[in-house]
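Dear colleague,

Please find the structure below, followed by a summary of what was found in it.

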Amino acid sequence: MTLKPITPNNNNMSRRVLPGEIITSWVSVGEYKDILLDKSTEGIARVAINRPEKRNAFRPQTISELCDAFIRIREDPKIGVVLFTGVGPSKDGKFAFCSGGDQAIRGSGGYLGDDGIPRLNVLDLQRIIRSLPKVVIALVPGFAIGGGHVLHLICDLSLAADNAIFGQTGPKVGSFDAGFGSSYLARVVGQKKAREIWFLCRKYGAKEALDMGLINAISPINLLESEGVKWAREILQNSPTAIKCLKFSFNADTDGLAGIQELAGQATHLFYTTDESKEGRNAFMEKRDPDFSESKWLP
Ligand SMILES: CC(C)(COP(=O)(O)OP(=O)(O)OC[C@H]1O[C@@H](n2cnc3c(N)ncnc32)[C@H](O)[C@@H]1OP(=O)(O)O)[C@@H](O)C(=O)NCCC(=O)NCCSC(=O)CCC(=O)c1ccccc1C(=O)O
């Protein structure tokens, strides 16, 4: 039996477990049209683009739903790791993470939703994922192309099936991502390789992607989700605050003041938990001068 890594209303308890497979129980959350959102009781969420017949290309509605799902996850203190993937296979048996913007609804100035307004709202999603105070792991079961390639790139970690295919197509289809899609790509794979990827628009297999540092590991497609759960469980053993601060430290190195703001926000969170900080708040509320004499100027 071939297991689908992602199926709507997936009930793992009725599936046959493969040798070495790790499973978790998913509960579906929210009513979405273009995506699926599931949570497990062990602190993992799963977000999947659900347009397999279009190789999971996104339209404005897909992106709005993804933003909503990631913001829900951000607000849930029980979730520490998100697996971000694409539903598959499609009727022709192929898998995709995402093939970028849906070219069929690309108008002048952006992608057109039902309201006829042109949007490039994938940029909002990129920022939400980057600044999510949780670990986001892309599970790439097939194609990660164009804007879909950028989406796996901006995730914290990427795990790919052995049949996965990566690439940018912008210069072929009249598009480009001059933000994370190019500059951050160069940070990940180096300037020469990033220019090759964008200028030639070639496609790269999973082994090539691993060799250039674009992904973290390869697994057989039937075990891709299992591998994601395994990595998530290992991360969840570790200190949430340490992981969050490390994520924002990595971001601060590349994201300028916006990255420093995220890291600084975590420092403020921690400071609020101290007696020193609480004394400042209490003094204001009690209409008296603050007394910081108990706080030491430690080296
Ligand atoms: C992914 C492919 C390589 C897969 O090839 P193959 O297996 O042969 O399948 P196909 O027969 O081509 O496709 C099957 C079916 O899906 C439809 N489809 C696939 N991809 C798209 C798509 N992106 N848009 C619309 N439809 C798609 C295809 O038409 C077929 O449908 P039928 O009805 O059966 O004919 C291959 O499909 C492929 O190359 N796809 C296109 C990849 C691509 O060029 N994507 C767009 C890149 S540009 C982009 O994503 C912009 C993103 C963006 O919004 C942005 C904006 C501003 C700044 C940055 C960005 C950013 O890049 O993020």
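Helix H5 passes helix H6 in a right-handed crossing; a crossing is right-handed if the near helix is turned clockwise from the far one by less than a right angle, and left-handed if anticlockwise. The contact is made by Ser182, Leu185, Ala186 and Val189 of H5 together with Gln191, Lys193, Ala194, Ile197 and Trp198 of H6, where contact requires C-beta atoms, placed from the backbone, to lie within 7 Å. These residues divide into 6 nonpolar, 2 polar and 1 charged. H5 covers residues 180-189 and H6 residues 191-200, and they pack at an angle of about 130° with their axes 7 Å apart. That makes H5 oblique to H6, a term for angles that are not under 35 degrees (roughly parallel), over 145 (roughly antiparallel) or 65 to 115 (roughly perpendicular).

Please note that this is a predicted model, in which local features need pLDDT of at least 70 and side-chain atom pairs count only at pLDDT 80 or more, while totals for chains, interfaces and linings use all residues. Residues are numbered from 1 along each chain as its sequence is written.

Turning to the sheet, 7 strands form an open arrangement in the order S1-S2-S3-S4-S9-S11-S14, with mixed pairing; two strands pair if DSSP finds at least two bridges between them. S1 (26-28) and S14 (217-219) stand at the edges with a single partner strand each, so one side of each has no neighbour in the sheet. From one strand to the next, the twist averages 25°.

Strand S2 (residues 35-40) runs antiparallel to S1, and 3 bridges join the two. Across this pairing, serine 28 stands opposite aspartate 38, and valine 27 stands opposite lysine 39. S1 and S2 form a hairpin with 6 residues between them, and glycine 30 in the turn has a positive phi of about 80°.

On its pairing with S3 (residues 44-49), S2 is also antiparallel, with 5 bridges; one of the bridge partners is alanine 48 in S3, for leucine 36. This hairpin has 3 residues between its strands, and glycine 43 in the turn has a positive phi of about 90°.

S2 is largely enclosed by the rest of the structure, because 6 of its 6 residues are buried (20 or more other C-beta atoms within 10 Å of the residue's own). Ile35, Leu37 and Lys39 point one way from S2, whereas Leu36, Asp38 and Ser40 point the other way. In a regular strand the side chains alternate between the two faces of the sheet.

Yours sincerely

Methods:
Axes fitted to C-alpha atoms, helices over the stretch in contact; angles between N-to-C directions. Helix = DSSP H or I, 4+ residues; strand = E, 2+ residues; numbered from the N terminus. Contact = placed C-beta atoms within 7 Å. Nonpolar A, V, L, I, M, F, W, Y, C, P; charged D, E, K, R; others polar. Buried ≥ 20, exposed ≤ 12 C-beta atoms within 10 Å, placed from the backbone.
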